[in-house]
Amino acid sequence: MPNLKDLKNRIASVKSTRKITKAMQMVAAAKLRRAQEAAEQSRSYAERFDAVMGGLASSVSGSDSAPKLLSGTGSDKNQLLIVLTSERGLCGGFNTNITKLARKHAQDLIAAGKTVKIFTVGKKGRDQLKRDYSDMFVGHIDMSEVKRMSYSDAQTVARDILNRFDDNQFDVATLFYSRFQNVVTQIPTAQQIIPFKIPDGYAAADTLYDYEPDEEAILADLLPRAISTSIFSALLENGASEQGARMSAMDNATRNAGEMIDKLTIEYNRSRQAVITSELIEIISGAEAL
Amino acid sequence: MQFELVSPERNLASLDAASVKVPGADGDMTVMMGHAPTITMLRPGLLRVEVNDAVQEFVVTGGFAEIGATGISVLAERAVLKDDMTQDQMDEMFDEAQDFYQRAKDIKSDGAEIIDEAEKFLADLSTMSSELGLKIK
C-alpha cells in the first residue's frame with residue numbers, strides 16, 4: 001500500500017494533468033468554431049465551381065481532345081496516395097483513422113499489382129506510414145508553420161502534385177482526409193482527384209451556356225484550379241475534424257482525470273484514517289499496559 | 001440582377017446590381033438583366049459593378065464568371081476592392097507573373113502556348129496598373 005505522501009503527490013499530478021486537458025479542450029472548441037466557419041465560407045465557391053465543372057466536363061469528356069487531367073493517362077498502373085493529416089497529436093483516433101484507410105487502399109493496390117506512391121501533408125501521417133511504407137514515399141509538405149489554412153497553401157500542394165503529373169510520375173491520385181460530420185463523428189474519406197471525377201449531381205448542366213473563349217480552353221484552365229479547390233476543401237474539412245476529434249478526446253481525458261482524482265482521494269482518506277486509528281490503538285494499549 | 005463575387009476563402013460581395021462590366025478573356029462585356037447564359041474566363045482587369053447610382057470596382061487577376069439570366073457569379077482566386085489596391089500588392093502580383101513567365105521560358109522552347117499566355121498576362125497586368133494609376137516595376 002502506497003504511503004500518504006505518495007498518494008498526495010499522485011493526486012496533485014493528476015490534478016495538473018486535468019488542468020492541461022481542460023485547457024486544451026477549450027482551446028480546441030474555440031479553434032473548431034473558427035475552422036467550421038472557414039469550411040462554411042469556402043463551400044459556396046466550391047459548389048459553384050463544381051456546378052460549372054460538371055457541365056463542362058460532361059460535355060467535353062467524350063471527345064478525344066479532352067485534357068489528360070480529365071480523361072486520365074489511359075493507365076492506372078502508378079497510383080499516388082495523398083494523405084492529409086495533422087501536425088500535432090493528442091487528437092484521439094483522428095490521424096490513425098486516416099492512415100488506416102490509406103493503408104488499406106495501399107494494400108489493395110499492391111495486391112492488384114499496382115505501383116503505389118505516397119505523398120503526405122502533415123507530420124503525423126508521415127510518421128505513422130513511414131514504418132511500413134518508407135520506400136514508397138515520394139514527397140512531404142510541412143504545414144506546421146501554417147496558422148490559418150489559406151487557399152495559397154492548397155495551391156502549393158496542388159502545384160507540387162500537378163508537376164509530378166506532368167512528369168508522368170503517376171496516373172491516378174487519391175486524396176485521403178477526414179470529413180467533418182460533428183464533434184464526435186469524423187469520416188475518413190478517399191477521394192480521387194486525378195483523373196478529375198465529375199461530382200455527383202452535377203453531371204449534366206441544365207442550361208446551355210456560351211463559352212468564351214471555348215469549352216476546351218476553359219476546361220484546360222479550370223482543371224488545375226479544380227484540383228486546388230478539392231485540396232483546399234479537404235484541408236479545411238480536415239482542420240475542423242482535427243479540432244473536433246481533439247475536443248472530444250480531451251473531454252474524455254478530463255473526465256477520466258476527474259474520476260481518478262475521486263478514487264485517489266478516497267484511498268488517501270482511508271489510509272489517513274487507518275494511520276490515525278493505529279496510532280490511537282498504540283496509545284491506548286500503551287496506557288493499558290502501565 | 002444578382003451579383004456575387006466569391007473567392008475560395010469566402011464570399012466577397014453579394015449585391016443587387018443594375019449592370020456589371022466584366023473583363024472577359026476575349027474582351028470586356030457589360031452584363032445586364034436577361035443576358036444570354038455565358039461562361040467566360042477573366043483576364044486581369046477591373047470588374048465594375050453598378051448598384052443603383054453607386055459604382056463599386058474590384059481588381060481581379062483571373063478566374064471565371066458564370067452569367068445566367070437572373071444573375072452573375074464571379075469566381076476569382078484573388079479580388080481586391082479598387083480603393084484598397086496598393087502599390088505593394090501590384091508589385092507582388094507582377095513579381096509572381098514575371099516569375100511564372102521566366103519559369104515557362106526556362107522549361108519550354110520559344111513559341112510555346114504557355115509562354116504566349118504568360119506574356120499576355122503580363123501585358124494585361126500592366127494595362128490594368130496604368131488604369132489604376134499605379135506603377136509597374
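## Chain B: overall form

With 137 residues, a compact globule would have a radius of gyration near 14 Å, and chain B agrees with this at 16 Å. That radius is taken over C-alpha atoms, and the globule rule is 2.2 Å times the number of residues to the power 0.38. This is a predicted model, in which local features need pLDDT of at least 70 and side-chain atom pairs count only at pLDDT 80 or more, while totals for chains, interfaces and linings use all residues. Residues are numbered from 1 along each chain as its sequence is written, and chains are lettered from A and ligands numbered from 1 in the order in which they are written.

The C-alpha trace of chain B spans about 45 × 30 × 25 Å along its principal axes. Its secondary structure comes to two helices and ten strands, in the order β-β-β-β-β-β-β-β-β-β-α-α along the sequence. Helices (H or I, at least four residues) and strands (E, at least two) are DSSP runs, numbered from the N terminus. Of the 137 residues in chain B, 32% are buried. A residue is buried if 20 or more other C-beta atoms lie within 10 Å of its own, exposed if 12 or fewer, and partly exposed in between, with C-beta atoms placed from the backbone.

## The nonpolar core

Let's look inside. The largest nonpolar core has 88 residues, and those with the most contacts inside it are A:Ile82, A:Val83, A:Leu84, A:Phe176 and A:Ile231. Helix 6 (residues 215-289) of chain A gives the most to this core, with 16 residues. Such a core is a set of buried Ala, Val, Leu, Ile, Met, Phe, Trp, Tyr and Cys residues joined through C-beta atoms within 7 Å.

Leaving aside neighbours within four places in sequence, A:Leu84 is in contact with residues including A:Val121, A:Leu175, A:Phe176 and A:Ala234. Two residues are in contact if their C-beta atoms, placed from the backbone, lie within 7 Å.

In chain A, the axes of helix 3 (residues 94-111) and helix 4 (residues 123-133) come within 10 Å and cross at roughly 35°. Axes here are lines fitted to C-alpha atoms, for helices over the stretch in contact, and angles run from 0 to 180 degrees between N-to-C directions. Among the residues that meet are A:Ala102 and A:Ala106 from helix 3, and A:Leu129 and A:Tyr133 from helix 4.

## Where the chains touch

The contact takes 21 residues from chain A and 21 residues from chain B. On the side of chain A that touches chain B, helix 1 of chain A supplies the largest share, seven residues.

Most residues other than glycine have a negative phi, and most peptide bonds are trans. Here are some exceptions. A cis peptide bond joins A:Ile194 and A:Pro195, with omega about -10°, and A:Pro195 sits in the loop between strand 5 (186-194) and strand 6 of chain A. Another cis peptide bond joins A:Glu212 and A:Pro213, with omega about 0°; A:Pro213 is in the loop between strand 6 and helix 6 of chain A.

A:Asn168 is not a glycine, yet has a positive phi of about 60°. This residue, A:Asn168, is exposed, with 10 other C-beta atoms within 10 Å. In chain B, phi of B:Asn52 is near 50°, also a positive value in a residue other than glycine. B:Asn52 lies in the loop between strand 6 (45-51) and strand 7 (54-60) of chain B.
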